[in-house]
Amino acid sequence: PQPSKSPEPPTPPPTKAPITPRPTKAPLSETVMPTLPSSYYRYRNSGPSCSWRGPEPLENKNNVAVQFYTFADTPYDGGSSGNTCTVDGKKQDPCKKWDCTDNDRLSKSNRCTYEGDEYKCIEEQIIPYMQEGMENEEAAFVVHCGDILKGAGGGLGENNRCQQYSLESRRKLFQKSDNFMLTPGDNDWNECQGYDKRSNGGDMRNVWRDKFTKSPFDQFNRNFPKTFGFAGGSRPTIIRKSSNPEIFYFEHNKVAFFGLNRVAGESYISDRAPNDLNAEWVEERLALDADCELKSIVIIAQATLKSIVYTKVDEYFASCGDGYTLPTLT
């Protein structure tokens, strides 16, 4: 959530911290309801970079309800460095049985794994960096916001890179981090082989769900660090939508976290289902807060959500009283 009445800081280069002076005063009292800003702090990757971080919290963390890491659109490794595959149960680098760099000519039965430079960057730098942050109680969890493979240019069902061996490669990579969750991206969802926008599964979506919504990604395995309003020593329970386990929810320190399935391009969940499944989930979970005890809402997804999702958030606000609102980060 963003502090009220603060100008939007300039967007920094991806290898430097944002150009924001370190705060010297305590934040607003929690009894003061902040006004939602018209814009939010955003990070944009304008060039090659492995890692960067945002503004620092106060030294006493009195302005911190929870800290976490998010990233997306990696590892792609569609070029020559990612020409790796599994043959007879063994890694082959470079791959000789298939040309993993050419999606258009790639056999649908390929076993390419795409473990190139980006993969190694995440394995050797990004994950250790985030893991160290969690061990030092600087962050509570990690969310990857989708696109764990290079795409096929937006064509539904045309990404031959998306198969069980490439997804298994990513599962093995991400399980090296504690408290790691994922939301789908179009490259690894509706662009995958056999995608049928008229149904809710039955193709690579079931493989994705099997690999990224079950252990160790089904629940947090590390306690959350102590922050303002939270004594530490415990972790929240992740609740997943039964029909769509890639859609999840948890609450921590009076902050509601939603992980939704909204990808680029047309999909069953937002475009063909009788009801928008993301909106349905948001409405269902917020309705449980009948006493309006939440202090903030965080919504995580790959792409811009349909307006019906935000309508459900507004309906929750309205149910709490005239003029009621909460800081909401999406």
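Predicted model: local features only at pLDDT ≥ 70, side-chain atom pairs only at ≥ 80, totals over all residues.
**Ground rules.** I number residues from 1 along each chain as its sequence is written, and side-chain values use heavy atoms, with hydrogens and water left out. Local features need pLDDT of at least 70 and side-chain atom pairs count only at pLDDT 80 or more, while totals for chains, interfaces and linings use all residues.

Buried means under 20% relative accessible area, with a 1.4 Å probe and protein chains only. This core holds 60 residues, and F174, F258, L260, I297 and Y316 touch the most other members. Helix α1 (residues 117-135) gives the largest share, 7 residues. Another core, of 16 residues, lies apart from it; I300 is among its members, as are A140, M181 and F224.

**Strand β9.** Helices (H or I, at least four residues) and strands (E, at least two) are DSSP runs, numbered from the N terminus. In β9 (residues 296-300), 5 of 5 residues are buried. S296, V298 and I300 point one way, I297 and I299 the other. In a regular strand the side chains alternate between the two faces of the sheet.

**Neighbours of β9.** Strands pair if DSSP finds at least two bridges between them. β8 (residues 255-259) runs parallel to β9, with 5 bridges; A256 partners I297. β10 (residues 328-329) is also parallel to β9, over 2 bridges, with V298 opposite L329.

Definitions and conventions: Core = buried A, V, L, I, M, F, W, Y, C linked by side-chain atoms within 4.5 Å. Buried < 20%, exposed > 50% of the residue type's maximum accessible area, 1.4 Å probe, protein only.
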